[in-house]
Amino acid sequence: MNSSNSCNVGIVIVSHSRKIAEGAADMVRQMVGSAVPLAWTGGDIDGGLGTNVAGILEAIEAAWSPAGVAVLVDLGGAETNSEMAVEMLPEDRRARVVVCNAPVVEGAVIAATESSGGSPLAAVKRSAEEFYA
Amino acid sequence: MHDAHASRPGETAVPLTASAVLVNKVGLHARPSVKLTQCAKGFTAKIELALSADGPWTDAKSPVKVMRVKAPQGATLHFRVTGSDGKAALAAVLALVHDGFGEA
């Protein structure tokens with residue numbers, strides 16, 4: 001579900017669908033490589049379509065980096081649940097996690113590309129959000 | 001094919017320019033764009049690319065902007081580089097293009 005091997009900004013993919021989350025993560029690994037901590041989560045706790053806060057928290061933990069974590073989400077609940085997960089983090093970590101306003105697949109690839117070059121969290125977020133600029 | 005003009009080693013104020021033809025089949029699509037920006041980010045120099053020698057210039061360190069160029073196979077990519085490690089940066093991006101981004 002994850003692998004992390006650097007101090008680069010971590011990337012978390014949150015989709016309503018496990019398959020989309022996993023597939024987007026595959027694209028990141030294939031296109032960007034393994035220099036970026038990456039984790040994904042998708043589906044509700046019963047395995048249906050949806051998102052769940054516990055799964056998002058686990059993914060953030062798995063992709064954790066001292067440089068922070070950028071979260072890419074798809075629709076509505078993925079965003080609100082991700083925001084809720086961020087609020088539940090220990091205070092010292094909360095400020096180092098951002099939810100990006102970017103399309104989940106493209107944003108994940110671009111965010112990871114930016115991160116793989118050692119860019120800080122703000123630059124990773126900005127780059128992912130260029131899609132809507 | 002590539003040709004370097006205005007090459008002044010050690011000179012930082014004057015941009016170095018060179019061009020190369022895109023040989024890989026898909027052109028500058030997603031994966032090559034990512035490789036190019038990753039390569040460009042390894043240098044402090046400002047690196048820009050364009051489909052024409054007189055621009056418009058695109059920041060080669062921005063994957064989103066590079067993909068938007070939509071450069072097809074056979075297009076000539078022009079590079080403009082400014083900075084102390086500009087010469088090495090130019091050589092690296094040209095090598096990547098010549099090599100078809102490793103996908104021929």
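**Entry 1: two helices in chain B**

I began with H1(B) and H3(B), which are roughly antiparallel to each other, because an angle over 145 degrees counts as roughly antiparallel and theirs is about 165°. This is a predicted model, so I keep that in mind for everything below. H1(B) covers residues 30-41 of chain B, and H3(B) covers residues 86-98. Their axes lie 10 Å apart. I also noted the handedness: H1(B) and H3(B) cross in the right-handed sense.

Next I looked up who touches whom. From H1(B) I listed B:Lys35, B:Leu36, B:Cys39 and B:Ala40, and across from them in H3(B) sit B:Ala89, B:Ala92, B:Val93 and B:Leu96. Sorted by class, that contact holds 7 nonpolar residues, no polar ones and 1 charged.

**Entry 2: chain B as a whole**

I stepped back to get my bearings in chain B. I counted 3 helices and 5 strands there. Walking along the sequence, I read the order as β-β-α-β-β-α-β-α. Chain B has 104 residues, and 38% of them are buried. I also checked contacts between residues at least 6 apart in sequence: in chain B, 67% of these join residues at least 24 apart.

**Entry 3: strand E3 of chain B**

Is E3(B) enclosed or open? I found 4 of its 5 residues buried, so E3(B), residues 46-50, is largely enclosed by the rest of the structure.

Then I looked for its partners. E5(B), residues 76-82, pairs with E3(B) in the antiparallel sense, over 5 bridges. One pair I wrote down is B:Ile47 with its bridge partner B:Val81 in E5(B). E4(B), residues 58-59, also runs antiparallel to E3(B), and 2 bridges join them. Here I noted B:Glu48, whose bridge partner in E4(B) is B:Asp59.

A reminder to myself: in a regular strand the side chains alternate between the two faces of the sheet.

I found a cis peptide bond between B:Gly55 and B:Pro56, with omega about 0°. B:Pro56 sits in the loop between E3 and E4 of chain B.

I then turned to positive phi values. B:Lys70 is not a glycine, yet its phi is about 50°. I located B:Lys70 in the loop between H2 (63-69) and E5 of chain B. Buried or exposed? B:Lys70 counts as exposed, because it has 12 C-beta neighbours inside 10 Å and 12 or fewer is the cut-off for exposed.

B:Phe101 also has a positive phi, near 55°, and is not a glycine either. I placed B:Phe101 in the segment after H3 of chain B. B:Phe101 is buried, since 22 other C-beta atoms lie within 10 Å and 20 or more is enough to be called buried.

**Entry 4: a look at B:Gly42**

I went to the loop between H1 and E3 of chain B, where B:Gly42 is found. With 16 C-beta neighbours inside 10 Å, B:Gly42 counts as partly exposed. I also checked B:Gly42 against B:Lys61, which is 19 residues away along the chain; their C-alpha atoms are separated by 9.3 Å.

**Entry 5: where chain A meets chain B**

Last, I turned to the other chain. How many residues does each chain put into the contact? I got 10 from chain A and 9 from chain B. On the side of chain A that touches chain B, the elements giving two or more residues are H1 (18-32) and H5 of chain A. H5(A) gives the largest share, 4 residues. By class, this side of chain A has 5 nonpolar residues, 4 polar and 1 charged.

H5(A), residues 104-116, and H1(B) have axes that come within 9 Å and cross at roughly 25°. Parallel or antiparallel? H5(A) and H1(B) are roughly parallel to each other, because their angle of roughly 25° falls under 35 degrees. I noted that H5(A) passes H1(B) in a right-handed crossing. The residues in this contact are A:Val109, A:Thr113 and A:Ser116 of H5(A), with B:Val34, B:Thr37 and B:Gln38 of H1(B). I sorted the contact of H5(A) with H1(B) into 2 nonpolar residues, 4 polar and no charged ones.

Technical notes: Residues numbered from 1 in each chain as written. Chains lettered and ligands numbered in written order. Predicted model: local features only at pLDDT ≥ 70, side-chain atom pairs only at ≥ 80, totals over all residues. Axes fitted to C-alpha atoms, helices over the stretch in contact; angles between N-to-C directions. Parallel < 35°, antiparallel > 145°, perpendicular 65-115°, else oblique. Left-handed = near helix turned anticlockwise from the far one by under 90°. Contact = placed C-beta atoms within 7 Å. Nonpolar A, V, L, I, M, F, W, Y, C, P; charged D, E, K, R; others polar. Pairing = 2+ DSSP bridges.
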